[in-house]
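This briefing goes through one protein structure by topic. Please look at the sequence and the structure first, then read the points below.

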Amino acid sequence: MKSVIATLFALIASASAFAPVVQKAAFTPALNAAAPKGVMAALAGAAPAILSSTAAVATEGTNEWFGVDDTRLLAVLFVIHWTILYLWLGSYGDASEDEDFFGEIDYTGN
């Protein structure tokens, strides 16, 4: 009997955890709270995005750019990437976007 009552009590307690809580505000908001704040509000909204770690200096928790602790490896990664990009643009840089890349499919079997 005690376990049934304890189970019922636990069920009610867990269900009440999902009920909305009514909070009484200690103050009432001003009437002009929806008024635009100007340039400072825009800067305050943009500052976290600008000051946070970006892709250019992504450290991934290692305090090193792109998580690479050896700058020689970082240089090799960029040089290889730029070399492949240079070769690809040399071959396909002036390709028309209107043409089909793979060509037409020949359904005749010839």
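Asp 70 counts as partly exposed at 28% relative accessibility, where buried means under 20% relative accessible area, exposed over 50% and partly exposed in between (1.4 Å probe, protein chains only). This is a predicted model, in which local features need pLDDT of at least 70 and side-chain atom pairs count only at pLDDT 80 or more, while totals for chains, interfaces and linings use all residues. Residues are numbered from 1 along each chain as its sequence is written, and side-chain values use heavy atoms, with hydrogens and water left out.

**Salt bridge**

- The structure holds 1 salt bridge, a term for a side-chain nitrogen of Lys or Arg within 4 Å of a carboxyl oxygen of Asp or Glu.
- The partners are Asp 70 and Arg 72, whose closest N and O atoms are 3.0 Å apart.
- Arg 72 has a relative accessible area of 63% and is therefore exposed.

**Overall layout and confidence**

- The protein contains 3 helices and 0 strands; helices (H or I, at least four residues) and strands (E, at least two) are DSSP runs, numbered from the N terminus.
- Along the sequence the pattern reads α-α-α.
- The average pLDDT of the protein is 74, and 66% of the residues score at least 70; pLDDT is the predictor's confidence in each residue, from 0 to 100.
- Among the elements, H3 has the highest mean pLDDT (90), and helix H2 (residues 39–51) has the lowest (73).

**Surface**

- Of the 110 residues in the protein, 3% are buried.
- The accessible surface amounts to about 10,700 Å², and 68% of this belongs to carbon and sulfur atoms; such areas come from the Shrake-Rupley method with a 1.4 Å probe, and for residues only the protein chains shown count as cover.
- Phe 78, Val 79, Trp 82, Leu 85, Trp 88, Leu 89 and Tyr 92 make a nonpolar surface patch of about 720 Å².
- Patches are made of residues with over 30% relative accessible area and no salt bridge; like charges are joined within 9 Å, and nonpolar side chains (Val, Leu, Ile, Met, Phe, Trp, Tyr) within 5 Å.

- How many aromatic pairs does a search of the whole structure find? The search finds 2 aromatic pairs.
- The ring centres of Phe 78 and Trp 82 are 5.6 Å apart and the planes are at 40 degrees, so this pair is tilted.
- Rings of Phe, Tyr and Trp (its six-membered ring) pair if their centres lie within 6.5 Å; planes under 30 degrees apart count as stacked, over 60 as edge-to-face and the rest as tilted.
- Phe 78 and Trp 82 are 4 residues apart in helix H3 (residues 71–92), so about one helical turn separates them.
- Phe 78 is partly exposed, with a relative accessible area of 31%, whereas Trp 82 counts as exposed at 52%.
- The rings of Trp 88 and Tyr 92 have centres 5.9 Å apart and planes at 45 degrees, so that pair is tilted.
- Trp 88 and Tyr 92 are also separated by about one helical turn, because they are 4 residues apart in helix H3.
- Trp 88 counts as partly exposed at 47% relative accessibility, and Tyr 92 counts as partly exposed at 43%.

- Thr 7 is found in helix H1 (residues 2–16) and counts as exposed at 53% relative accessibility.
- A polar atom of the side chain of Thr 7 lies 2.6 Å from the backbone oxygen of Ser 3.

Definitions and conventions: Polar contact = N/O pair within 3.5 Å; in protein donor to acceptor, adjacent residues only side chain to side chain.
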